[in-house]
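Hello,

Here is the structure we spoke about, with notes on a sheet and a pocket. Please open it next to this email while you read.

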Amino acid sequence: MSFNDLISALPALLKEAEYSELYGHDLSEPSTTTDILVLKFLVANKYVVPDAHQQLLETLKWRLTFNPLSAAFEETQPSKFDGLGYITEDKVNPEGEVITWNLYGQVSGKHDVVFGDTDEFLRWRVGLMEKGLQLLDFSSKRTQISQVHDYSNVSFLRMDPNAKKASKAAMAVFQRYYPELLGKKYFVNVPLIMGWMFRAMKLIASRETIEKFVVLSHGGYLAEYAGNWVPEAYGGKGLSLAEQDVSLGIKLVGGVKIPVAVVKES
């Protein structure tokens, strides 16, 4: 079985899922974007077509119930998440990185407020991811999104249990439902003594994922890897994150209609 087999099975798969939207694009419409998105599931499953088929099916069913486009473009996320996440892009290089920034140090002292409701946190974090994906062009070389996790002022020795639960839930969602979309994952301002944590990650993450990890003890080193367009606080010459942030201006580019928003039971 091959890529062509998976493409041929796509109409039946979409019918079974009762859903065809993926990252803002309609998989029922033959296109280069559809081919690239389907291929990502095949690559993630080492070209085992039944496994890729199952993961894509599960992803579409999850999107039907979770409604990530609503989280990104229709719902008003709680103000408690303000300043915790940004989206920036390298506008100098058309094929440069799109980055979502996660500033965990800003959570200090309010873990219960930010992470207390895991479902609420997931809707915010997934919404941020979905917005970032709209800046990609799956018909070009810009087909992956990078992440920066800034651990400045974060205590690794006394990590809040709600934060651990929320982070674990987000990681599970991204690993299962967003395959082959990660460019680089930069961990910055990580204390040298916490190297054991990333060595432990190597025991549970795939080799392909580990190769995308960049662990930096100081945020000022980031520009060496991401480019001088990043803010000065990260060693670059760019404007601050707040000034570079494009999240509020991002529009849904795939032309699909956003499903009716999920109504949470009280």
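In what sense do β3 and strand β4 pair, and over how many bridges? The pairing is antiparallel, and β3 and β4 (residues 98–103) share 5 bridges. Keep in mind that this is a predicted model.

First, the sheet. Strands of a sheet pair through backbone hydrogen bonds, in either a parallel or an antiparallel way. Here, 5 strands form an open sheet in the order β3-β4-β5-β6-β7, and the pairing is mixed. At the edges are β3 and β7 (213–215), each of which pairs on one side only. From one strand to the next, the twist averages 20°.

α7 lies across β3, β4 and β5 (145–150). Relative to β3, α7 runs at about 10°.

Last, the pocket. The second largest pocket has a volume of about 410 Å³. Its lining is made up of 21 residues, and those nearest the centre are D82, W124, K131, S247 and L248. By type, the lining residues of this pocket are 10 nonpolar, 6 polar and 5 charged.

Which elements each supply at least two residues of this lining? They are α5 (68–73), β3 (85–89) and α7 (118–133). Of the contributions to the lining, that of α7 is the most, with 4 residues.

Regards

Conventions
Residues are numbered from 1 along each chain as its sequence is written. This is a predicted model: local features need pLDDT of at least 70, side-chain atom pairs count only at pLDDT 80 or more; totals for chains, interfaces and linings use all residues. Side-chain values use heavy atoms; hydrogens and water are left out. On a 1 Å grid over the protein atoms alone, a cavity is a set of points where a 1.4 Å probe fits but cannot get out, and a pocket is an open set with protein on both sides within 12 Å along at least five of seven lines; lining residues have an atom within 4 Å of a point. Grid points are joined across faces, edges and corners, and a volume is the space filled by probe spheres set on the points. Ala, Val, Leu, Ile, Met, Phe, Trp, Tyr, Cys and Pro count as nonpolar, Asp, Glu, Lys and Arg as charged, and the others, Gly among them, as polar. Two strands pair if DSSP finds at least two bridges between them. Axes are lines fitted to C-alpha atoms, for helices over the stretch in contact, and angles run from 0 to 180 degrees between N-to-C directions. Contact means heavy atoms within 4.5 Å.
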